[in-house]
Amino acid sequence: MAAENTALGYEQARDELIEVVRRLEAGGTSLEESLALWERGEELAAVCRRWLEGARARLDSAIAAREEPGEGRED
């Protein structure tokens with residue numbers, strides 16, 4: 001399942017996570033199904049977290065590059 005998770009885009013993982021949460025909140029599932037949904041939700045949350053951490057790192061890098069005095073730039 002790890003290979004499947006790495007192929008998920010942020011929006012796809014988020015949308016599936018929303019559906020998992022909706023199903024858990026609605027109730028009416030067996031204990032086994034609820035546990036499987038919870039486990040899937042944890043996996044999807046981790047995928048979303050990795051995407052967001054990657055985005056944050058890219059933003060931080062871009063901001064740092066902008067703030068560094070560049071060659072050929074007059075400040």
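Trainee: Quick one to start: is Asp60 buried, partly exposed or exposed?

Mentor: Asp60 counts as partly exposed, at 41% relative accessibility, where buried means under 20% relative accessible area, exposed means over 50% and partly exposed lies in between, with a 1.4 Å probe and protein chains only. Keep in mind that this is a predicted model, in which local features need pLDDT of at least 70, side-chain atom pairs count only at pLDDT 80 or more, and totals for chains, interfaces and linings use all residues. Residues are numbered from 1 along each chain as its sequence is written, and side-chain values use heavy atoms, with hydrogens and water left out.

Trainee: Okay, and which residue does Asp60 form a salt bridge with?

Mentor: The partner of Asp60 is Arg56, with the closest N and O atoms 3.0 Å apart; a salt bridge here is a side-chain nitrogen of Lys or Arg within 4 Å of a carboxyl oxygen of Asp or Glu. The two residues are 4 residues apart in helix α3, so about one helical turn separates them. Arg56 is partly exposed as well, at 45% relative accessibility.

Trainee: How many salt bridges are there by that rule?

Mentor: The count comes to 6. One of them joins the side chains of Arg23 and Glu33, at 2.4 Å from N to O. Because Arg23 lies in helix α2 (residues 10–26) and Glu33 in helix α3 (residues 31–67), this pair ties together parts that are 10 residues apart in sequence.

Trainee: What about Arg40, buried or exposed?

Mentor: Arg40 counts as buried, at 11% relative accessibility, whereas Glu43 is partly exposed at 27%. Their side chains meet in a salt bridge of 3.1 Å, N to O, and both residues lie in helix α3, 3 residues apart, which is about one turn of the helix.
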